[in-house]
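The tour moves from single pairs out to the whole chain.

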Amino acid sequence: MRHFNNEEWRSYINDKLSETTCEELEDHLFSCDQCLEVYMKMLDRQAEELPVIDYTSFTDEIIAELPQKMVRNKTLYQRTLFHYAVAAVITLTLMTTGFFQTIMGVITTVEVSSISKPQQSVSNSLMEKSLALFEIIDIKHKEGQ
């Protein structure tokens, strides 16, 4: 088994090898613990060489480059307080004019009328109408004789 040196692993990390060579190194990593350890050390060294980013100024620079959001003032009709005021005025108007009492009276009348009338089934109603029709036909038939 051929082991790879540090320079080959560095080239692999920096993506400077051909595709076939990269596949060969990757296959070797699955089977060789010694080269995996060398590869991990090379990754750590590579990470130490990366530039240090100042996160406080980085965030401020990114925020400064974002487009500024336009803040629009809400009109009177778009404000929540206006909607509450309109609802309160409508409710008070309906209460003072007796609208709710009228509705309760109508509901009570409908309930009383529906309870007092006995429910007749649809089939009985059809049967009675059919019998009345047969009686009319029978009377006209007798008058015709």
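Select Lys 41 and Glu 37. They form a salt bridge, with the closest N and O atoms 3.7 Å apart. A salt bridge here is a side-chain nitrogen of Lys or Arg within 4 Å of a carboxyl oxygen of Asp or Glu. The two residues sit four apart in helix α3, about one helical turn. Helices (H or I, at least four residues) and strands (E, at least two) are DSSP runs, numbered from the N terminus. Lys 41 is partly exposed at 48% relative accessible area, and Glu 37 is partly exposed at 47%. Buried means under 20%, exposed over 50%, partly exposed in between (1.4 Å probe, protein chains only).

This is a predicted model: local features need pLDDT of at least 70, side-chain atom pairs count only at pLDDT 80 or more, and totals for chains, interfaces and linings use all residues. Residues are numbered from 1 along each chain as its sequence is written, and side-chain values use heavy atoms, without hydrogens and water.

Next, pick Arg 10 and Glu 49. Their salt bridge also has its closest N and O atoms 3.7 Å apart. Arg 10 lies in helix α1 (residues 6–13) and Glu 49 in the loop between α3 (33–48) and α4 (55–65), so the pair ties together parts 39 residues apart in sequence. Arg 10 is partly exposed at 25%; Glu 49 is exposed at 52%.

Go to helix α7 (residues 122–144), which holds Lys 142 and Asp 138. They form a salt bridge at 3.7 Å.

Now zoom out. The protein has seven helices and zero strands. Its C-alpha atoms fill a box of roughly 125 × 60 × 30 Å along the principal axes.
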